[in-house]
Amino acid sequence: MDYFFQQLINGITLGAIYGLIALGYTMVYGIVGMINFAHGEIYMIAAFIGFLAFLLLASLGVTSVIVTLILVLVISMVFTSVYGFAVERVAYRPLRNAPKLAPLISAIGMSIFLQNYVQLTQGARVKSLPPVFTQNFHLTDSLTISTVQLLILGSTALLLLGFSYLINKTPLGRAQRACEQDRKMAALVGVDVDKTISLTFVLGAALAAVAGVMVILYYGVLDFYMGFLAGMKAFVAAVLGGIGSLSGAMLGGLLIGLIESFWAAYMGGDYKNVAVFAVLMLVLVVRPNGLLGRKQVEKV
Amino acid sequence: MNKNFLTFLPPVFLTLLLSLPLLGFFAQENSKDILLLQRWDWVLYATAAVFLANSVLIVLKKYPLPSFAISPPAKNLNALKALLFLGLLALPFLSSRSTIDLATLVLLYICLAWGLNITMGLAGLLDLGYVAFYAIGAYTTAILSHYYGLSFWQCVPLSGLVAAIFALVIGMPILRVQGDYLAIVALGFAEIVRIVATNWQSLTGGPNGMSGMPRPTFFGLEFGRTSSSGLPTFQDFFHIPFNSEHRLIFLFYCILGLAIIIYVVSKRLRCLPLGRAWEAMREDEIACRALGINLPRIKLSAYSIGAGIAGLVGAFFATKQGFVSPESFTFNETAMIVAMVVLGGMGSLWGICIAATFLVLLPELARGLADYRMLLFGLAMILVMRFKPNGLISVRQPTVKMS
Amino acid sequence: MRTPLLDVTDLTMQFGGLTAVDGVSFTAHQGEITAIIGPNGAGKTTLFNCLTGFYKPTQGTLLLHTADKSIRLDTLPRSHIAAKAKIARTFQNIRLFTGMTVLENLLVAQHNALMRASGFCIAGLLGLPRYRKAEQHALEKARYWLHKIDLTDKADWEAGNLPYGDQRRLEIARAMCMEPVLLCLDEPAAGLNPKESADLNTLLQDICNTEKTSLLLIEHDMSVVMNISHHIIVLEYGRRIADGTPQEIKNNADVIRAYLGEESA
């Protein structure tokens with residue numbers, strides 16, 4: 001039984017990470033109606049920036065773990081946001097009125113570019129970060145939860161609270177939801193659409209940055225290719241939950257995390273990704289709008 | 001001047017911020033620990049490069065270059081095609097083994113890109129899992145010959161068929177849902193194929209791959225030093241001395257033949273009602289529906305014909321390499337083929353042909369650029385979408401004319 | 001003697017809590033031009049979308065009477081409505097295949113017939129005479145319509161490069177190439193100048209009289225509606241408020257109130 005609960009904890013932790021990335025996909029899809037194919041790469045870049053920040057702080061002689069963690073998170077969020085901003089400016093904004101395939105292809109180009117940019121500047125080899133938190137808490141004899149897991153769950157919950165406040169209660173959130181409904185109308189009533197879209201990308205990147213930092217704390221390894229699969233699974237999570245729906249993205253993330261860890265635990269790790277994609281196909285057939293997605297009325 | 005200077009600042013500042021973490025710092029792992037190295041010079045170069053590029057852009061805005069459009073020269077086009085065809089026919093007799101090898105590779109990619117052109121260029125379906133069907137074709141050939149002893153010419157059509165059937169089965173649920181998802185689902189499918197090929201050790205040999213591909217025969221005549229069938233070998237039959245290049249040359253002609261068939265078929269398909277429906281669907285799905293066109297069926301046909309071509313090419317690829325492994329079928333492969341179609345101009349067979357040739361030869365011609373190949377692909381895709389969203393050759397030929 | 005062509009009974013369409021069309025019933029007759037008018041948001045386009053299979057009605061029946069049988073449109077799979085029931089439509093904001101030529105647009109409309117003739121491509125790929133003949137026939141029909149809408153000279157133009165009025169006419173011709181029994185036009189006169197609008201009247205009357213295709217028309221331009229329609233249905237807030245000949249509608253108190261406000265009545 002402990003084994004089961006252990007997998008549950010692992011699955012939820014993993015799911016929280018996917019959920020954080022999935023939020024970026026779902027927000028961008030909601031507002032500009034395109035798959036931000038490079039979002040997985042943003043998450044990978046966040047992990048690299050976090051990794052370098054850890055090393056930098058260590059070489060500067062910062063020893064307090066808490067201070068290090070906060071500084072690393074801030075550094076990674078800030079610089080990753082700049083990447084998110086730049087990606088939108090360079091690859092998507094000029095194509096806003098282009099034929100429908102154009103932004104998607106541009107996004108793929110951006111994804112390939114970023115992946116290879118990191119490979120060339122940081123090397124192709126897998127990097128490893130020495131463990132920062134080593135303490136485990138024993139819930140029962142064989143059921144443990146690590147500090148990092150607690151950290152991931154805690155910070156995700158905190159971020160979600162802040163995030164839903166931002167979307168539901170602030171002018172920015174209102175502008176964002178307005179653009180999502182009708183971009184032209186929002187512009188007519190004085191919403192700065194360009195700024196709102198930029199901010200959406202920045203927000204998505206910041207959330208991915210937290211996921212990136214957490215994941216290197218959790219697994220201790222990173223490489224330039226990590227964004228591809230993680231991004232893909234997070235997208236699956238967003239679709240699963242209903243693309244455009246923020247709580248759906250989180251729910252989808254959790255489901256994907258659980259499927260993955262339970263499949264790996266009980267069926268072996270070889271085919272866990274096959275299970276994830278099979279679930280995606282199934283959901284698209286049975287419920288094309290996802291679990292929490294709104295039914296879309298086609299405008300004719 | 002002042003205003004110009006102000007438009008300079010944000011991109012340069014942005015570049016500085018972007019390059020600061022990833023260009024400015026670099027982690028080097030020793031045997032014992034990790035060192036953090038600083039590379040301020042790289043940051044400087046990147047910022048300076050953007051500064052320069054911006055200056056050029058501003059100058060260009062003031063004094064624009066004469067705009068140019070590459071359109072196929074109307075005159076002598078057929079003569080040019082005939083010349084190219086003769087050149088390709090003569091190629092094996094004029095060049096070395098490595099050149100033939102390279103030419104075969106170029107032709108393979110042209111065939112692949114023309115296959116994707118049907119799915120993506122004509123029907124407008126972004127198939128990011130294209131490589132899956134290429135892999136299915138290659139593995140079908142490998143498995144059929146390895147376990148069932150089928151010959152090359154039996155394997156080729158079956159490979160195409162199996163790939164097309166896979167596309168039908170996968171496409172049926174997926175193509176019913178909204179367009180954008182197709183890209184990701186196809187990507188997921190390609191990943192599944194790769195995972196299965198890696199993990200199903202007993203069937204596919206796992207990461208080590210499979211070798212011992214069937215060898216093409218010339219109407220039953222083998223190309224080996226000795227014949228294993230009752231028939232004489234190729235060289236004995238024609239009374240010429242043995243040369244190991246014969247098989248290579250024969251394969252080259254086979255793939256050339258395949259390319260010509262794909263060319264002719266895609267050209268004819270485009271002018272048939274099916275092809276016109278593909279293009280109409282790309283333009284406006286809702287209007288298609290109002291005209292009573294069965295969209296799922298049209299999509300499925302484009303998807304599986306493209307996949308079938310990839311399967312056929314996969315069979316030839318397996319034979320050419322003599323070896324298949326999951327490594328040959330990564331997302332990078334799809335990205336490269338997508339880049340060929342996009343850069344060449346979606347729907348334009350000749351544009352795609354030129355782009356494919358260029359992209360395959362690029363790393364061969366400029367060895368120093370080989371590391372930067374994928375980086376440049378990505379950049380090219382972004383830039384082409386921004387400045388020439390219809391690709392190199394963007395002149396669409398009508399499928400039918402009034403006169 | 002009027003023969004009913006389309007019976008709409010108690011049609012209701014809801015989006016979430018919003019009822020866009022609320023229990024509308026009417027009959028359109030063969031060989032007639034039936035106009036649907038009403039203020040913005042009255043549910044006209046939604047009604048069209050239900051009729052042409054873009055929406056599934058929440059409630060109600062749609063019955064199309066053809067020569068030999070009657071077809072329930074509301075239960076027909078939506079991809080079959082245009083193909084099997086032969087109902088064609090145009091769109092409020094023109095939907096042409098803008099990158100394709102005018103002639104190609106007209107050929108795409110004949111897709112299903114041509115597809116059958118090409119033996120699902122096999123006969124077409126081989127260039128069999130059976131397909132060639134069908135293609136000739138399709139081209140002949142396209143020429144006929146090009147002549148009718150006066151676009152013969154521009155047949156090889158990209159449809160997107162045509163002037164606005166030509167695009168409107170081309171969309172109608174494209175729909176007619178399907179040889180429909182019922183043609184649904186969503187604001188065909190929108191954005192046309194008076195001369196073009198008058199030409200459109202002639203074209204629509206010609207379609208009704210010579211081609212024997214009945215028309216269902218959404219229009220705001222009263223000069224079009226009053227001049228050419230035989231029968232008018234007025235919608236307001238999703239409900240039918242009047243139904244009759246142009247003369248009857250002109251004098252209907254409810255209609256005047258809906259258009260001009262309460263106190264005018």
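This note goes through several features of a predicted model, beginning with the sheets of chain C.

1. The four-stranded sheet. Chain C contains an open sheet of four strands in the order β2-β1-β4-β5, and the pairing is antiparallel. At the edges stand β2 (18-29) and β5 (70-72) of chain C. Each has a single partner strand, so one side of each is left without a neighbour in the sheet. From one strand to the next the twist averages 15°.

2. Pairing of β1 and β2 in chain C. Strand β1(C) covers residues 4-15 and is joined to β2(C) by eight bridges, the two strands running antiparallel. One position to look up is C:Leu6, which stands opposite C:Ala28 of β2(C). The hairpin of β1(C) and β2(C) has two residues between the strands. In this hairpin C:Gly16 takes a positive phi near 60°.

3. The six-stranded sheet. Chain C also has an open sheet of six strands, ordered β6-β7-β8-β3-β9-β10, with mixed pairing. Here β6 and β10 (239-244) of chain C are the edge strands. Because each of them has a single partner strand, one side of each is left without a neighbour in the sheet. The twist in this sheet averages 20° from one strand to the next.

4. A parallel pair inside that sheet. Strand β3(C), residues 33-37, and strand β8(C), residues 214-218, run parallel and are joined by four bridges. C:Thr34 has C:Leu216 in β8(C) as its bridge partner.

5. Helix α1 of chain C. Which strands of the six-stranded sheet does α1(C) touch? The helix packs on the sheet and touches β3, β6, β7 (182-186), β8 and β9 (231-236) of chain C. The direction of α1(C) makes about 145° with that of β8(C). Helix α1(C), residues 44-51, also lies across β1, β2 and β4 (59-65) of chain C. Relative to β1(C), the helix runs at about 115°.

6. Two packed helices in chain A. Two packed helices are described by the angle between their axes and the distance between the axes. For helix α5(A), residues 147-169, and helix α8(A), residues 193-219, the axes come within 10 Å and cross at roughly 175°. An angle over 145 degrees counts as roughly antiparallel, so α5(A) is roughly antiparallel to α8(A). On the α5(A) side the contact includes A:Leu151, A:Ile152, A:Leu159 and A:Phe163. The α8(A) side includes A:Leu203, A:Leu207, A:Val210 and A:Met214. Sorted by type, the residues of this contact are twelve nonpolar, two polar and no charged.

7. Aromatic pairs, with an example from chain B. Over all chains, the count comes to 29 aromatic pairs. In one of them, the rings of B:Phe133 and B:Tyr303 have centres 5.7 Å apart and planes at 90°. Planes over 60 degrees apart count as edge-to-face, so this pair is edge-to-face. B:Phe133 lies in helix α5(B), residues 130-148, and B:Tyr303 in helix α13(B), residues 295-321. The pair therefore ties together parts that are 170 residues apart in sequence. Are these two residues buried or exposed? B:Phe133 is buried, with a relative accessible area of 0%, and B:Tyr303 counts as buried at 1% relative accessibility.

8. An aromatic pair in chain C. The ring centres of C:Phe54 and C:Phe91 lie 6.0 Å apart, and their planes are at 80°, so this pair is edge-to-face. C:Phe54 is in the loop between α1 and β4 of chain C, and C:Phe91 is in the loop between β6 (87-89) and α3 (102-108) of chain C. The pair therefore ties together parts 37 residues apart in sequence. C:Phe54 counts as buried at 4% relative accessibility, and C:Phe91 counts as buried at 1%.

9. An aromatic cluster in chain A. A:Tyr3, A:Phe4, A:Phe5, A:Phe262 and A:Tyr266 form one aromatic cluster.

10. A buried asparagine. A:Asn273 is found in helix α11(A), residues 272-286. With a relative accessible area of 10%, A:Asn273 is buried. Leaving out residues up to four places away in sequence, A:Asn273 touches A:Leu229, A:Lys233, A:Glu260 and B:Ile195.

Key:
Residues numbered from 1 in each chain as written. Chains lettered and ligands numbered in written order. Predicted model: local features only at pLDDT ≥ 70, side-chain atom pairs only at ≥ 80, totals over all residues. Heavy atoms only, no water. Pairing = 2+ DSSP bridges. Axes fitted to C-alpha atoms, helices over the stretch in contact; angles between N-to-C directions. Contact = heavy atoms within 4.5 Å. Parallel < 35°, antiparallel > 145°, perpendicular 65-115°, else oblique. Nonpolar A, V, L, I, M, F, W, Y, C, P; charged D, E, K, R; others polar. Phe/Tyr/Trp six-rings, centres within 6.5 Å; stacked < 30°, edge-to-face > 60°. Buried < 20%, exposed > 50% of the residue type's maximum accessible area, 1.4 Å probe, protein only.
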